[in-house]
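Subject: Structure handover

Hello,

Please find below the structure I said I would pass on. My notes on it follow.

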Amino acid sequence: RAISAAGVLTDPLAEVEGGMSPVDQWLQLARKNERNPGQIDRLLEDLGKIPPAEAPSERAFWIGALINPLPAMGVAMEIRPALLSANTAEERVQISVDGILRSIKHMDGSVRMW
């Protein structure tokens, strides 16, 4: 179940304009909210490719590093402690999915977090 849930992060979503995946949508919005020009590109260079859905925990940790970079961007709630304390891959994936979707809603203005 964790593997299929992890696929949600990179699968195109019908309800998103252009059928973008949550990761692609987050990246598009985050580039508009960079604190320093090129911040997202440097972050992606540091993180490397997103792990495959067949490695759900690694994928969840990658999402945590993406949406909660250092230095902070202020576009997402901190999910890294929850990822580290989760007991199963399924829990980690759910935390990462919830985190990235909340961040997207915050950045697109539909549901502000603060």
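Aspartate 41 counts as partly exposed because its relative accessibility is 43%; buried means under 20% relative accessible area, exposed over 50%, and partly exposed in between, with a 1.4 Å probe and protein chains only. This is a predicted model, in which local features need pLDDT of at least 70 and side-chain atom pairs count only at pLDDT 80 or more, while totals for chains, interfaces and linings use all residues. Residues are numbered from 1 along each chain as its sequence is written, and side-chain values use heavy atoms, with hydrogens and water left out.

The side chain of aspartate 41 forms a salt bridge with that of arginine 31, at 2.8 Å from N to O. A salt bridge here is a side-chain nitrogen of Lys or Arg within 4 Å of a carboxyl oxygen of Asp or Glu. Aspartate 41 lies in helix 3 and arginine 31 in helix 2, ten residues apart, and the pair links distant parts of the chain. Helices are DSSP runs (H or I, at least four residues), numbered from the N terminus. Arginine 31 has a relative accessible area of 38% and is therefore partly exposed.

The structure holds two salt bridges. In the one between arginine 80 and glutamate 78, the closest N and O atoms are 2.7 Å apart. Arginine 80 is partly exposed, at 28% relative accessible area, and glutamate 78 is partly exposed too, at 43%.

How do helix 2 and helix 3 pack? Helix 2 (residues 22-32) and helix 3 (residues 39-47) have axes 9 Å apart, at an angle of about 135°. The axes are lines fitted to C-alpha atoms over the stretch in contact, and angles run from 0 to 180 degrees between N-to-C directions. The two helices are therefore oblique to each other: angles under 35 degrees count as roughly parallel, over 145 as roughly antiparallel, 65 to 115 as roughly perpendicular and the rest as oblique. Helix 2 makes the contact (heavy atoms within 4.5 Å) through Trp26, Leu27, Ala30 and Arg31, and helix 3 through Ile40, Asp41 and Leu44.

Helix 6 (residues 89-108) has 20 residues. Its buried residues include Arg92, Val93, Gly99, Ile100 and Met107. Among the elements that cover these buried residues are helix 1 (2-7), helix 2, helix 4 (56-67) and helix 5 (80-85). After helix 6 comes glycine 109, with a positive phi near 85°.

Regards

How values were computed:
The expected span of a helix is 1.5 Å times one less than its number of residues.
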